[in-house]
Amino acid sequence: MISAKLRNVLSAAAMMVIIGGPVLAVLGFLAFALDSDFRAGLALGGALKIFFGSLIGGGCLRLLTSIDARLEARS
C-alpha cells in the first residue's frame, strides 16, 4: 500500500492528465492548422491520439489509486 500523501499526489496528477490532455489535443490541432502544409487527417489523427491517450492513461492511474485506497480502508 502507498502512503496517503503519495496517493493524493498521484490522484492530482491523474486529474491533471485527464483535463490537460484534451486541452493539449486542441492546441496541437490548431498548431497543425496554422502550418502551411496542413493536412486535416494527419492533424485530426494526432489530436485524437493525444485526447484518448490522456483519458485512458489518466483514468487508469486514477483507477489504481482508488483501488489502493479501498484496499487500505479494508485492512
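1. In which helix does Ser54 lie? Ser54 lies in helix α2, which covers residues 40-74. Helices here are DSSP runs of H or I with at least four residues, strands are runs of E with at least two, and numbering starts from the N terminus.

2. The model is predicted: local features need pLDDT of at least 70, side-chain atom pairs count only at pLDDT 80 or more, and totals for chains, interfaces and linings use all residues. Residues are numbered from 1 along each chain as its sequence is written, and side-chain values use heavy atoms, with hydrogens and water left out.

3. The chain contains 2 helices and 0 strands. Its radius of gyration is 17 Å, well over the 11 Å given by the globule rule for 75 residues, so the chain is more spread out than a compact globule. That radius is taken over C-alpha atoms, and the rule is 2.2 Å times the number of residues to the power 0.38. The C-alpha trace spans about 60 × 15 × 10 Å along its principal axes.

4. On burial, 16% of the 75 residues count as buried. Buried means under 20% relative accessible area, exposed means over 50%, and partly exposed is in between (1.4 Å probe, protein chains only). The accessible surface of the chain is about 5,400 Å², and 74% of this belongs to carbon and sulfur atoms. Areas come from the Shrake-Rupley method with a 1.4 Å probe; for residues, only the protein chains shown count as cover.

5. Ser54 is buried, at 8% relative accessible area. Leaving aside residues up to four places away in sequence, Ser54 touches Val17, Ile18, Gly21, Pro22 and Gly59. Contact means heavy atoms within 4.5 Å. Across the chain, of the contacts between residues at least 6 apart in sequence, 78% join residues at least 24 apart.

6. Ile2 sits in the segment before α1 (4-33) and is partly exposed, with 27% relative accessibility. Ile2 and Glu72 are separated by 70 residues in sequence, yet their C-alpha atoms are 8.7 Å apart. With residues up to four places away in sequence not counted, Ile2 touches Arg7, Leu10, Asp68 and Glu72.

7. Arg74 is placed in helix α2 and is exposed, at 77% relative accessible area. Arg74 and Ser36 are 38 residues apart in sequence, and 58 Å lies between their C-alpha atoms.

8. Rings of Phe, Tyr and Trp (its six-membered ring) pair if their centres lie within 6.5 Å; planes under 30 degrees apart count as stacked, over 60 as edge-to-face and the rest as tilted. The count by this rule is 2 aromatic pairs. The ring centres of Phe29 and Phe38 are 6.3 Å apart with planes at 80°, so this pair is edge-to-face. Phe51 and Phe52 also form an edge-to-face pair, with 5.0 Å centre to centre and 85° between the planes.

9. Phe29 is partly exposed at 29%, and Phe38 is partly exposed at 36%. Phe51 is partly exposed at 29%, and Phe52 is partly exposed at 45%.

10. The chain carries 7 positive and 4 negative side chains, and the centres of the two sets are 11 Å apart. Lys and Arg count as positive and Asp and Glu as negative, while His and the chain ends are not counted. A charge is placed at NZ of Lys, CZ of Arg, CG of Asp or CD of Glu.
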